[in-house]
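Here is a colleague's note to read with the model open beside you. Take the points in order and find each residue as you go.

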Amino acid sequence: MNAPSPDGYTTADGRSIGPVLMEMKNITLRFGGVKAITDISFDIREGEIRAIIGPNGAGKSSMLNVISGFYVPQEGEVWFRGARRPAMKPFQVARQGIARTFQNIALFEGMSVLDNIMTGRLTLMKSGLMAQALWWGRAEAEETAHRAEVERIIDFLEIQHIRKTPVGRLPYGLKKRVELARALAAEPKLLLLDEPMAGMNVEEKEDMSRFILDVNDEFGTTIALIEHDMGVVMDLSDRVVVMDYGKKIGDGTPDEVRSNQAVIDAYLGVAHD
Amino acid sequence: MPEQFYFALEVSLNGLMAGIMYALVALGFVLIFKASGIFNYAQGVLALFAALTLVGLQNGQIPFAHLINAVFGTSLHHFGWTLPAVVAIALTAVVMTGLAILIERYILKHLVNQEPIILFMATIGLAYFLEGLGDVMWGAEIKNLDVGLPQGISETIDEVTFNWFGYGFFIDRLDIVATLVAAALVISLMLFSQFTKYGRALRAVADDHQAALSVGISLRFIWVMVWSIAGIVALVAGIMWGSKSGVQFSLSLIALKALPVLMLGGFTSIPGAIVGGLIIGMGEKLFEFFIGPMIGGATENWFAYVLALIFLVFRPQGLFGERIIERV
Ligand SMILES: Nc1ncnc2c1ncn2[C@@H]1O[C@H](COP(=O)(O)OP(=O)(O)OP(=O)(O)O)[C@@H](O)[C@H]1O
Ligand SMILES: [Mg+2]
């Protein structure tokens, strides 16, 4: 595709996309002898919904893990909000305003839905350990304020009816939704979703798609997501990165990617040389 | 009511009080086990170390005096001042927090993602190290600990119960204080874990490390926090036990009694640690008084373990522990 201008671009549906929020430069990630990611570069712009697609084992989750600090690449640079990011622990990345969900769901199974979502706001809570112990009143006021925000998210994602349910008892589709709620609770600058619709039925997928669009629209949250369902990807995303065997084989709008020969080959399983 | 019944009741009450002590040590275990999956063998020694430090600070003992004297031929022993109990307790709490920071920095940090058995071995090492350190720092002789807690049989209770039931209950006032303090401690821990941001972070870490990281929780901070709390719980146990029977190295042996308590209550349950402690404390006293004489006494040495074994057979996850279901 023609490179968008530094200040951004306007999408087909008329949303305006800002400057680069996150940029991956020449990332290479190895596990022992296995190269999960080979020299990949791409950027994510403010306000954008960016998809990462590719066959199984292509390295998509690994890329998300690099962005969120769970994996440390052997080579390459991560740039966030115009500055090179030093090596960081996952919790530090989270505190920078990058929230995520996991392909295999990582919730606090023993805690209620409400408590799970409240943990999403930990990074936004100010008062320190001593303050919490000594000024009970102030800590309580803070808790109440955050609680109100969480209730808004609960309404937004239509999960009022399970607020008090322990997460371990929920069906898969609802767990995925609670995980999204917890990530949203952090009011992230960048939201990373690893296969948010995997294992869902058609109706659940439609709901989830709608939520993702609404989040992007109402809060202006930048979203990077991994998804296998091509229909969903084409509907949701503004730009798509395509990975195969750890390499980037395509990058552009859904239409551009769809007509890219390398992408077609990868998906049709043309033999690799 | 028959005399025999009141006697049994009195024995159970005394047993309950002893059980509180087991419960306090078990509580420290559970906190650390839940948050980090580490079975902390050193929990009992932490109580000993806390009590030694408390006495040392209170009496103005010079730390490492024996060592210094041996090396430099001096004859130091005390600074010559004494500290008020409250100040000494607060300082000891600070020392226990410092110890937690050191343990995280020099042991736990290097052992993340190791097998549980390795971590367990590390805490065995820690236990012996702390025991030795306590000895070198404060000396090995039995010390008297007096932080001003009431001692001796409560005459009021004796009189009142005698007037009501015609049977005077003998209850140690120290036991009553220990019960109240333990109850207050458990309630504040519950409030802390349910209603504060750090408590929620602690529960989150106990539940799922990866998810906890993703919401911005520093595991290292939580580990320091939980070891500090365990250290302070150990301090409370050390104060109670030390006030009762003097600060001596056999204090660390109560850690072993905490093991059957945990088997009974479940390794991951705070209420389990409390109830388990009470059941063992009460059970072993009752057994000793009523069955003991028939089989030659000294049953308190083994009763707890046998009870735990029986329990292990019928309910391996303990009273309150999470059900262990193997996925296949
Ligand atoms: N922690 C790890 N240790 C070793 N190898 C890993 C690890 N994580 C990923 N890999 C390897 O890296 C490669 C890419 O895996 P990754 O999970 O990123 O693929 P993916 O594109 O997300 O696949 P899927 O669509 O199946 O989720 C695979 O070969 C995988 O085995
Ligand atoms: Mg994946």
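Is A:Asn116 buried or exposed, going by its relative accessibility? Point 1 answers this.

This is a predicted model, in which local features need pLDDT of at least 70, side-chain atom pairs count only at pLDDT 80 or more, and totals for chains, interfaces and linings use all residues. Residues are numbered from 1 along each chain as its sequence is written, chains are lettered from A and ligands numbered from 1 in the order in which they are written, and side-chain values use heavy atoms, with hydrogens and water left out.

1. **A:Asn116.** A:Asn116 counts as buried because its relative accessibility is 0%. Buried means under 20% relative accessible area, exposed means over 50%, and partly exposed is in between, with a 1.4 Å probe and protein chains only. A:Asn116 sits in helix 3 of chain A. Helices (H or I, at least four residues) and strands (E, at least two) are DSSP runs, numbered from the N terminus. A polar atom of the A:Asn116 side chain lies 3.2 Å from the backbone oxygen of A:Met111. That is a polar contact: a pair of N or O atoms within 3.5 Å; within protein, one must be able to donate a hydrogen and the other to accept it, and residues adjacent in sequence count only if both atoms are side-chain atoms. Setting aside residues up to four places away in sequence, A:Asn116 touches A:Leu107, A:Phe108, A:Met111, A:Val167, A:Val178 and A:Arg182. Contact here means heavy atoms within 4.5 Å.

2. **The shell of ligand 1.** Ligand 1 is surrounded by 13 residues. A residue is near a molecule or strand if one of its heavy atoms lies within 4 Å of it. The closest are A:Gly57, A:Lys60, A:Ser61, A:Ser62 and A:Gln103. Helix 1 (residues 60-67) of chain A gives the largest share of the shell, three residues. By class, the shell has four nonpolar, seven polar and two charged residues. Ala, Val, Leu, Ile, Met, Phe, Trp, Tyr, Cys and Pro count as nonpolar, Asp, Glu, Lys and Arg as charged, and the others, Gly among them, as polar.

3. **Polar atoms at ligand 1.** A side-chain N or O atom of A:Gln103 is 2.8 Å from one. A backbone N or O atom of A:Gly59 is 2.9 Å from one. A polar side-chain atom of A:Asn56 is 3.2 Å from one. On its own, ligand 1 has 630 Å² of accessible area, and the protein covers 63% of this. Accessible areas come from the Shrake-Rupley method with a 1.4 Å probe; for residues, only the protein chains shown count as cover.

4. **The magnesium ion.** Which residues are the protein donors of ligand 2? They are A:Ser61, through OG, and A:Gln103, through OE1, at 1.9 to 2.1 Å from the ion. The pair links distant parts of the chain, 42 residues apart: A:Ser61 is in helix 1 of chain A, and A:Gln103 is in the loop between strand 8 (98-100) and helix 3 (113-119). Donors are N, O and S atoms within 2.8 Å of the metal (3.2 Å for Na, K and Ca); water is not among the atoms, so sites may look incomplete. A:Gln103 counts as partly exposed because its relative accessibility is 31%.

5. **A:Val241.** This residue is in strand 11 (residues 239-244) of chain A. A:Val241 counts as buried, at 0% relative accessibility. Beyond its neighbours within four places in sequence, A:Val241 is in contact with several residues, including A:Phe42, A:Ile52, A:Ile53 and A:Gly250. A:Val241 and A:Asp43 are 198 residues apart in sequence, yet 9.5 Å apart in space, C-alpha to C-alpha.

6. **B:Thr161.** Now move to chain B. B:Thr161 lies in helix 6 (residues 155-165). B:Thr161 is buried because its relative accessibility is 10%. Its side chain reaches the backbone nitrogen of B:Phe169 at 2.9 Å. The B:Thr161 side chain also reaches the backbone oxygen of B:Tyr167, at 3.5 Å.

7. **Two positive phi values.** Phi of A:Arg81 is near 50°, a positive value in a residue other than glycine. A:Arg81 is in the loop between strand 6 (75-80) and strand 7 (83-84) of chain A. Phi of B:Ala298 is near 55°, also positive. B:Ala298 lies in the loop between helix 12 (270-290) and helix 13 (303-314) of chain B.
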